[in-house]
Amino acid sequence: MLGGETVLAENLGYADLEHRVPVTNETRFGVASITKAFTGLSLLKLHESGRIDLDAPIQRYVPAFPVKPSGVITPRLLAAHLAGIRHWGQERNAALYARHFDDVNDVLALFKDDTLVAPPGTKASYSSYGYNLIAAAIQSASGVKYQEYVNREIISRLGLKNTGFDDVRRVLPHRARRYSYFDPWTFAVDSNAVYRVPEWDYSHNMAGGNMYSTAADLAQFGRAIEGPGLLSKESLDLLNRRPRVGAVQATMSFGFFVSDSVAPHRLLNIGGSNAGLQSGLFVYPDEDLVIVVLSNTWGIGSNSGEMNGVLLSRLAAICMGWPQPPPVK
């Protein structure tokens with residue numbers, strides 16, 4: 001989307017390989033960690049309204065989360081992945097993938113008593129659990145369920161009719177099935193096999209990786225952060241600045257990775273990857289350019305989100321006539 005106009009909308013392959021159902025503009029893909037962008041913007045909206053202090057101890061909003069002896073955890077640190085909360089561990093197994101969480105507070109039990117990986121503010125350490133802790137604070141400060149707040153303040157305001165929180169127990173029209181060239185359990189490779197990824201429940205990552213959307217909806221969502229409207233100018237300034245605590249600088253700010261100040265083109269981006277799923281959203285505010293790529297496969301030779309970076313950079317270069325980024329080695 002360039003200048004508010006869709007210049008390319010391309011659909012390739014199948015949403016359902018077994019039944020040869022082609023991908024269309026209405027196909028709803030899981031977007032994995034792009035969910036963090038919705039959580040980050042929701043946090044900023046609450047801050048704008050004066051209902052959450054970004055620098056308050058997280059226990060002000062989530063008293064069930066224990067005080068950690070190594071330092072104070074705040075919403076601002078959590079949003080920048082500077083709070084020292086760990087990422088996934090061995091708990092992500094068949095039992096967890098079979099369990100559904102309706103309330104983000106129930107997710108806290110999976111990590112709240114664990115030791116921090118680093119004292120708050122001393123090290124950038126990516127954590128989906130940290131974003132679920134943000135969601136618990138959003139729920140407390142807003143007085144409504146986290147999902148309801150995101151739906152009301154972000155999804156409905158932008159008219160994103162094909163975006164929401166996934167529940168694999170229920171029928172979702174136009175949902176893409178997921179595929180992999182790796183065994184999704186063992187990561188073994190069979191060059192002659194395409195694996196059907198199970199209908200795993202990702203609600204344990206409600207605020208960090210459990211949403212679905214379409215490319216068109218995400219393009220509209222991305223364009224909403226190019227200037228004031230959904231967010232105030234003050235919130236946009238926070239979103240576009242890499243957070244710093246002393247000598248430690250984070251690359252993520254409120255759900256988006258932020259380009260370095262010396263980058264040739266200002267960029268806000270976020271990507272995601274679950275088994276058989278890749279998603280990427282690039283926003284170039286100064287050029288009014290938004291690029292979204294969604295996939296329901298890891299692809300041959302892929303077992304993560306390798307698509308999410310260089311492919312979108314190359315598409316941006318083609319669209320704007322910029323030099324092509326170097327190939328991935």
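Trainee: Which elements each supply at least two residues of the lining of the largest pocket, and what makes a residue part of a lining?

Mentor: The elements are α7 (215-223), β14 (289-295) and α9 (310-320), where helices (H or I, at least four residues) and strands (E, at least two) are DSSP runs numbered from the N terminus. A lining residue has an atom within 4 Å of a point of the pocket, and a pocket is an open set of points on a 1 Å grid over the protein atoms alone where a 1.4 Å probe fits, with protein on both sides within 12 Å along at least five of seven lines. By that rule 39 residues line the largest pocket, and E10, N11, V292, V293 and L294 lie nearest its centre. The largest share of this lining, seven residues, comes from β14. Please keep in mind that this is a predicted model, in which local features need pLDDT of at least 70 and side-chain atom pairs count only at pLDDT 80 or more, while totals for chains, interfaces and linings use all residues. Residues are numbered from 1 along each chain as its sequence is written, and side-chain values use heavy atoms, with hydrogens and water left out.

Trainee: How do you know what volume the largest pocket has?

Mentor: A volume is the space filled by probe spheres set on the grid points, which are joined across faces, edges and corners, and for the largest pocket that comes to about 1,100 Å³. The second largest pocket holds about 540 Å³.

Trainee: Which element gives the most to the lining of the second largest pocket?

Mentor: That is β12, with six residues; the lining has 31 residues, of which R92, S273, N274, A275 and W298 lie nearest the centre.

Trainee: Why is β12 called largely enclosed?

Mentor: Buried means under 20% relative accessible area (1.4 Å probe, protein chains only). Five of the seven residues of β12 are buried, so the strand is largely enclosed by the rest of the structure.

Trainee: What makes β12 and β13 a pair of strands?

Mentor: Two strands pair if DSSP finds at least two bridges between them, and β12 and β13 (residues 277-284) have seven, in the antiparallel sense. One of the partners in β13 is S279, which bridges to G272. The two strands form a hairpin with two residues between them, and G276 in the turn has a positive phi of about 70°. Strand β11 (residues 256-258) also pairs with β12 in the antiparallel sense, over two bridges.

Conventions: Buried means under 20% relative accessible area, exposed over 50%, partly exposed in between (1.4 Å probe, protein chains only).
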